[in-house]
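Reader: Can you walk me through this one? I'd like the metal sites, then the helix packing.

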Amino acid sequence: MSSEEQTSLQEQQFMQKINAEEKIEPKDWMPEKYRKNLIRQISQHAHSEVIGMQPEGNFLTRAPSLRRKAILLSKIQDEAGHGLYLYSAAETLGISRDEMIEALQSGRAKYASIFNYPALTWGDMGAIGWLVDGAAIVNQVSLQRTSYGPYARGMIRICKEESFHQRQGYDIMLTLANGTSEQKAMAQDSLNRFYWPALMMFGPHDSESAHSAKSMEWKIKRETNDDLRQKFIDQTASQIEFLGLEHPDKELKWNEERGHYDSGEIDWEEFHNVIAGNGHCNRQRLEHHIKAHEEGAWVREALVAYNAKKQAKQAEVA
Ligand SMILES: [Fe+2]
Ligand SMILES: [Fe+2]
């Protein structure tokens, strides 16, 4: 058998597995493009979890009560854990953590552009948990069925924690929306600023999406950007109503025939601008990451030295 025939046989077996809803595991044969595509998506996802800690971390010293502070702190710690699972899942594809961090810090790798918007008020802690984690869940629930085993299993665990994140955000919004008129105005302002960027989190329209078609065929993605966005729009409409706040989309209208809400168009120019690095906080987020990473170098070195010592001791005993 020539090497070309060999590859096409392997490719056939790979597609059979995918079509039978079996998971692809790290040691299985996979097309190089599948591997690359997954590394891009999983590492981008990991970077988003980690960079996403920054806007919320800013509010740890400004939480209105000890209880709120403890809740926010544990939510942020969860996100660090999500980053860890996802970096580990990506490493099974043959890329190192150092390479991924380097790609992030040099600006080659992307992360969710929502985190380039500033968090200005306590209301934003509510809006971020409710809308940003909420949009993330819609996407991640669907990724529990993604074809790559380690990614799918990571998602199952992450989704459990994300639903807590969303509820803590909504709880903040509920308290503000039922509070004084200033508090209600704060909640409305946060909703207004985060609603559209949350919709942008699902990415461009399917017709414009560069990676969509192949990702759907390989079952890396299980639902399209537009379908996932529609789910989020539908579920959020009644949540806004329950808060007694005004919907930021003035064109939102229930469409009886489709069984979904019709909605106004996203400002795609803003979307592309923020992705291109011109958001409010792009530079600040990366600078902060680089600084924290450098300041943590001694911890990583100490861990390596400790493990080496431990292994040497064990070898001596043996
Ligand atoms: Fe997360
Ligand atoms: Fe989260």
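**Metal sites and helix packing**

Reader: Start with H82. Buried or exposed?

Author: H82 is buried, with a relative accessible area of 0%. Buried means under 20% relative accessible area, exposed over 50%, and partly exposed in between, using a 1.4 Å probe and protein chains only.

Reader: What should I know about the model itself?

Author: This is a predicted model, where local features need pLDDT of at least 70, side-chain atom pairs count only at pLDDT 80 or more, and totals for chains, interfaces and linings use all residues. Residues are numbered from 1 along each chain as its sequence is written, chains are lettered from A and ligands numbered from 1 in the order in which they are written, and side-chain values use heavy atoms, with hydrogens and water left out.

Reader: Where is H82, and what does H82 touch?

Author: H82 sits in helix α4, residues 66-91. Helices are DSSP runs of H or I, at least four residues, numbered from the N terminus. Leaving out residues up to four places away in sequence, H82 touches E49, I158, E161, E162 and H165. Contact means heavy atoms within 4.5 Å.

Reader: Which residues coordinate the iron ion (ligand 1)?

Author: E49 (OE), E79 (OE), H82 (ND1) and E162 (OE), at 2.0 to 2.2 Å. Donors are N, O and S atoms within 2.8 Å of the metal (3.2 Å for Na, K and Ca); water is not among the atoms, so sites may look incomplete. Along the chain, the spacing for ligand 1 is E-x29-E-x2-H-x79-E.

Reader: Why is the arrangement around ligand 1 irregular?

Author: The four donor atoms subtend angles of 84 to 149°, which makes the arrangement irregular. Four donors count as tetrahedral if all angles lie between 85 and 135 degrees; four count as square planar and six as octahedral if opposite donors are over 155 degrees apart and all others between 65 and 115; anything else is irregular.

Reader: And the iron ion (ligand 2), what are its protein donors?

Author: E79 (OE), D133 (OD), E162 (OE) and H165 (ND1), lying 1.9 to 2.2 Å from the ion. The site of ligand 2 is irregular, with angles of 90 to 168° among its four donor atoms.

Reader: How far apart are the two iron ions?

Author: They lie 3.3 Å apart, and E79 bridges them. E79 is in helix α4 and E162 in helix α7, so the pair ties together parts that are 83 residues apart in sequence.

Reader: Are those two glutamates buried or exposed?

Author: Both E79 and E162 are buried. The relative accessible area is 5% for E79 and 2% for E162.

Reader: Packing now. At what angle do α7 and α10 cross?

Author: Roughly 35°, with the axes of α7 (residues 149-177) and α10 (residues 225-243) coming within 10 Å. Axes are lines fitted to C-alpha atoms, for helices over the stretch in contact, and angles run from 0 to 180 degrees between N-to-C directions.

Reader: Which residues make that contact?

Author: Q166, Y170, M173, L174 and A177 of α7, with Q235, Q239, F242 and L243 of α10.

Reader: How do α6 and α10 compare on angle? What is theirs?

Author: The axes of α6 (residues 122-143) and α10 cross at roughly 145° and come within 10 Å. Residues of α6 in the contact include W130, L131 and G134, and those of α10 include L228, K231 and F232.

Reader: Last one. Where is A302?

Author: A302 is in helix α13, residues 297-317. A302 is partly exposed, with a relative accessible area of 37%. The C-alpha atoms of A302 and R258 are separated by 59 Å, and the two residues are 44 residues apart along the chain.

Note on methods: Helix = DSSP H or I, 4+ residues; strand = E, 2+ residues; numbered from the N terminus.
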